[in-house]
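Here is my note on the model, in numbered points. Please read it with the structure open.

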Number of protein chains: 4
Amino acid sequence: MSKNNLLDAMIAQTKLSKKQTDKQQKITETAIKLFAEKGFANTSTSEIAKAAGVAEGTIFRHYGTKDNLLLSVLLPFLKESLPTMAEDVFNELLTDQVANFEDFLRALAKNRIAFINENKEIFQIFVKEVLYSEELKNEIFPYISENIFQRIAKVVDHFKARGELVDLPTITIQRLLFTIIGGFLFSRFVLLPNQEETIDESEIDQIVQFIMDGIRKKSQSE
Amino acid sequence: MSKNNLLDAMIAQTKLSKKQTDKQQKITETAIKLFAEKGFANTSTSEIAKAAGVAEGTIFRHYGTKDNLLLSVLLPFLKESLPTMAEDVFNELLTDQVANFEDFLRALAKNRIAFINENKEIFQIFVKEVLYSEELKNEIFPYISENIFQRIAKVVDHFKARGELVDLPTITIQRLLFTIIGGFLFSRFVLLPNQEETIDESEIDQIVQFIMDGIRKKSQSE
Amino acid sequence: MSKNNLLDAMIAQTKLSKKQTDKQQKITETAIKLFAEKGFANTSTSEIAKAAGVAEGTIFRHYGTKDNLLLSVLLPFLKESLPTMAEDVFNELLTDQVANFEDFLRALAKNRIAFINENKEIFQIFVKEVLYSEELKNEIFPYISENIFQRIAKVVDHFKARGELVDLPTITIQRLLFTIIGGFLFSRFVLLPNQEETIDESEIDQIVQFIMDGIRKKSQSE
Amino acid sequence: MSKNNLLDAMIAQTKLSKKQTDKQQKITETAIKLFAEKGFANTSTSEIAKAAGVAEGTIFRHYGTKDNLLLSVLLPFLKESLPTMAEDVFNELLTDQVANFEDFLRALAKNRIAFINENKEIFQIFVKEVLYSEELKNEIFPYISENIFQRIAKVVDHFKARGELVDLPTITIQRLLFTIIGGFLFSRFVLLPNQEETIDESEIDQIVQFIMDGIRKKSQSE
DNA sequence: CATGAATGAGCGTTCATTCAT
DNA sequence: AATGAATGAACGCTCATTCAT
């Protein structure tokens with residue numbers, strides 16, 4: 001609502017610039033590459049302009065400010081990450097076919113890792129900038145909380161009710177999931193992004209397996 | 001304060017070797033606070049000077065460059081405190097009393113979390129800067145590898161030999177430990193550091209418990 | 001203005017090649033004036049900006065560094081104007097009409113003094129800066145040697161062969177010429193440049209006369 | 001006289017600091033070396049202090065300002081150059097033994113070149129600084145004029161009266177002498193000071209010979 | 001006398017942003 | 001829509017100078 005609402009602003013922003021010109025396209029691409037490589041603060045607009053083959057003024061004609069350029073880069077990524085994930089992904093994954101939590105978790109992990117793998121650079125930019133921007137943090141996390149956590153909570157509750165999951169509080173299970181998957185993504189894509197190697201399917205299986213060991217309902221046989 | 005407090009240690013040490021002046025101390029303290037809060041690049045030397053109540057020139061008289069001020073803050077943390085601590089910690093933890101891997105892991109986690117808790121700000125600076133500086137990264141990782149990973153590898157091997165741990169490759173186990181503990185530290189101290197709340201002992205127990213579920217040797221009874 | 005005026009030439013040339021803006025011209029003109037007056041090191045960029053009526057940033061947009069501004073002032077003088085001029089001058093002077101060395105010397109002296117007279121300020125800058133910059137020195141002297149000394153050597157040899165000049169080594173004669181003419185230029189344009197008075201023709205005649213007394217072949221009558 | 005009088009100030013200054021301490025000695029020596037090497041403006045007081053092995057404060061305790069340090073370096077040189085030259089040197093050279101102007105000129109040249117040779121560095125400093133300081137220029141040149149030029153004028157007049165010198169105006173002869181000898185000193189000691197080689201006696205003879213060719217009374221026999 | 005920590009004005013330089021064309 | 005010259009505030013840094021010890 002208020003102008004302080006970052007996400008609203010972001011959405012309004014992209015709505016304004018519906019039809020991207022060639023130059024805009026070039027600017028966005030170049031900005032993503034350079035922001036990921038050297039960080040937002042260490043990339044000057046003149047550098048972007050030069051690398052994109054446009055005049056510096058052109059950047060400001062389209063994006064107004066450098067901060068706004070950053071948002072224009074992050075926004076589609078976030079839109080795809082958050083609401084889409086919340087709706088499409090869950091709908092897709094939560095059909096009757098998904099027999100158990102492990103299958104769900106594996107499908108979710110694969111889906112999201114594939115997405116981030118395709119948007120490596122923007123993910124890097126996003127994580128790095130979140131560390132420095134209280135504004136981003138304060139706007140994004142409630143949003144995540146609403147859209148993602150609550151849906152996951154439902155799923156967890158569902159499988160807890162089916163007796164598949166250990167009887168820890170749902171919030172605890174969520175935190176564990178978040179820490180482990182988040183830690184994995186952070187170390188692979190942000191902290192040590194040099195390695196060209198793609199994420200191995202077996203690696204994901206391993207992590208899911210590991211997580212399940214921790215949260216699967218222990219058999220009563222003992 | 002406890003021996004874990006790095007700043008105390010640094011101050012004590014530099015007092016001995018180079019007689020730090022009052023102003024120097026004020027500068028270091030202020031720099032740590034501001035770097036942690038807003039990041040190195042987003043903190044200007046004039047801001048530090050103003051906040052520390054000194055003239056800007058005084059910073060440069062003592063540290064030469066802003067980069068050097070950062071190093072003066074980080075290097076003691078990395079080059080002096082960590083290795084001796086690593087040794088102390090492992091010596092302390094690896095006595096005969098440590099009956100099993102779970103005890104070791106819990107002791108290690110508590111020890112390190114306590115350490116970082118007392119050096120929150122430097123830890124934040126360190127993580128944030130590593131993301132932007134290949135140089136720092138390249139200086140740090142071999143170092144960590146030598147001092148930490150190899151020691152942990154030994155411990156893991158030891159308990160694997162005793163049949164306590166699952167038969168995964170040691171490197172895999174290490175990665176899981178690193179991801180989970182690192183992810184926890186990152187999310188608690190860097191990503192979402194607002195919360196004043198101290199880390200709960202029970203939370204650590206929970207994580208250790210969780211890890212152990214994943215890497216404990218499964219009983220053959222099945 | 002005459003073709004001898006270097007600034008006119010520079011301005012004309014840069015206009016052709018890189019379309020100098022009004023502000024750029026103002027900066028160059030002001031820089032030349034101030035560098036000549038107070039020396040390069042004692043002239044601040046903010047002073048130049050203020051005197052030129054531009055923002056300080058404008059200087060750096062066009063010249064990148066203060067050193068570069070100096071070079072932008074000196075290099076055309078050295079790399080473009082001097083050599084072509086050297087060629088023109090020698091071609092012009094060394095026609096058959098030049099009956100003897102004295103005529104040649106007088107013509108050369110007048111030509112060069114006129115040239116420097118129209119480029120007083122750049123000459124001052126050049127001499128002052130050469131005293132402090134080994135780099136400038138090392139770039140300049142080989143250059144002068146090739147373009148000036150070797151040509152003069154030829155002329156001296158030519159007239160020595162015709163029996164007009166004393167039988168001193170050519171290098172000795174050159175040194176005398178250089179010392180006397182150089183000393184004259186230095187004292188008139190650099191050491192004591194206050195005097196607005198233009199160089200008197202009769203003064204040049206006098207010096208040439210004096211030099212010729214020293215290097216003319218003495219009559220064998222004694 | 002007035003406080004504006006540089007030479008008075010200089011003299012007053014040295015009178016104050018009669019007995020030099022060891023540290024003062026070291027400071028002066030170091031300053032001479034560094035000023036000559038890198039120029040006055042490019043040498044910082046902290047650099048001098050470090051190289052001299054004293055605290056920076058010590059320089060200011062003794063010399064008050066950096067400018068004053070420069071004067072303390074130049075003053076003894078100038079005192080020796082000007083009044084002494086005017087008195088002692090002329091007295092010594094102008095005895096009856098000096099049969100002709102050529103002998104006088106040769107003796108004067110040798111004497112002064114030897115002096116400058118022994119004070120190469122201070123001479124370099126002096127010439128370079130005169131180029132930038134109107135104050136130095138305005139104070140020194142009248143002084144030179146009074147003490148040196150007038151005495152030389154007398155000598156020239158003396159030998160003109162004896163019919164040894166050409167009938168040019170005395171001022172013209174002086175200028176020629178000044179230009180040639182000055183040009184020689186400048187090029188040897190300031191412009192191209194690299195060469196370690198000492199000034200050759202025969203070289204002086206050559207120059208004196210050359211000058212005499214230009215100003216000797218032409219014999220009427222031809 | 002000597003020290004060296006502290007100062008603060010001034011430097012060269014960068015850069016996001018504006019605006020006339 | 002696109003340009004790029006121009007801006008000026010802010011930056012990291014230097015240095016002659018002061019002063020308490």
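1. Buried area is the accessible area (1.4 Å probe) that two parts lose on being put together, summed over both. By that count, chain C and chain D bury about 3000 Å² between them. Carbon and sulfur atoms carry 69% of it. On the chain C side, C:Leu131, C:Tyr132 and C:Phe210 lose the most area to chain D, together 24% of what that side buries.

2. A word on the basis. This is a predicted model, in which local features need pLDDT of at least 70 and side-chain atom pairs count only at pLDDT 80 or more, while totals for chains, interfaces and linings use all residues. Residues are numbered from 1 along each chain as its sequence is written, chains are lettered from A and ligands numbered from 1 in the order in which they are written, and side-chain values use heavy atoms, with hydrogens and water left out.

3. Contact means heavy atoms within 4.5 Å. On that rule, 36 residues of chain C touch 36 residues of chain D.

4. How many salt bridges (a side-chain nitrogen of Lys or Arg within 4 Å of a carboxyl oxygen of Asp or Glu) are there between chain C and chain D? The count is 1. D:Arg175 pairs with C:Glu203, the closest N and O atoms being 3.6 Å apart.

5. Polar contacts come next. These are pairs of N or O atoms within 3.5 Å; within protein, one must be able to donate a hydrogen and the other to accept it, and residues adjacent in sequence count only if both atoms are side-chain atoms. The interface of chain C and chain D has 5 such residue pairs, both residues at pLDDT 80 or more.

6. Which helix gives the most to the side of chain C that touches chain D? H9(C) does, with 13 residues. That side divides into 16 nonpolar, 10 polar and 10 charged residues. Here Ala, Val, Leu, Ile, Met, Phe, Trp, Tyr, Cys and Pro count as nonpolar, Asp, Glu, Lys and Arg as charged, and the others, Gly among them, as polar.

7. The surface near DNA strand F has 6 nonpolar, 18 polar and 8 charged residues.

8. The side chain of A:Thr58 places an N or O atom 2.6 Å from one. A polar side-chain atom of C:Lys23 lies 3.2 Å from one. D:Lys66 uses a backbone N or O atom, at 2.7 Å.

Note on methods
Helix = DSSP H or I, 4+ residues; strand = E, 2+ residues; numbered from the N terminus.
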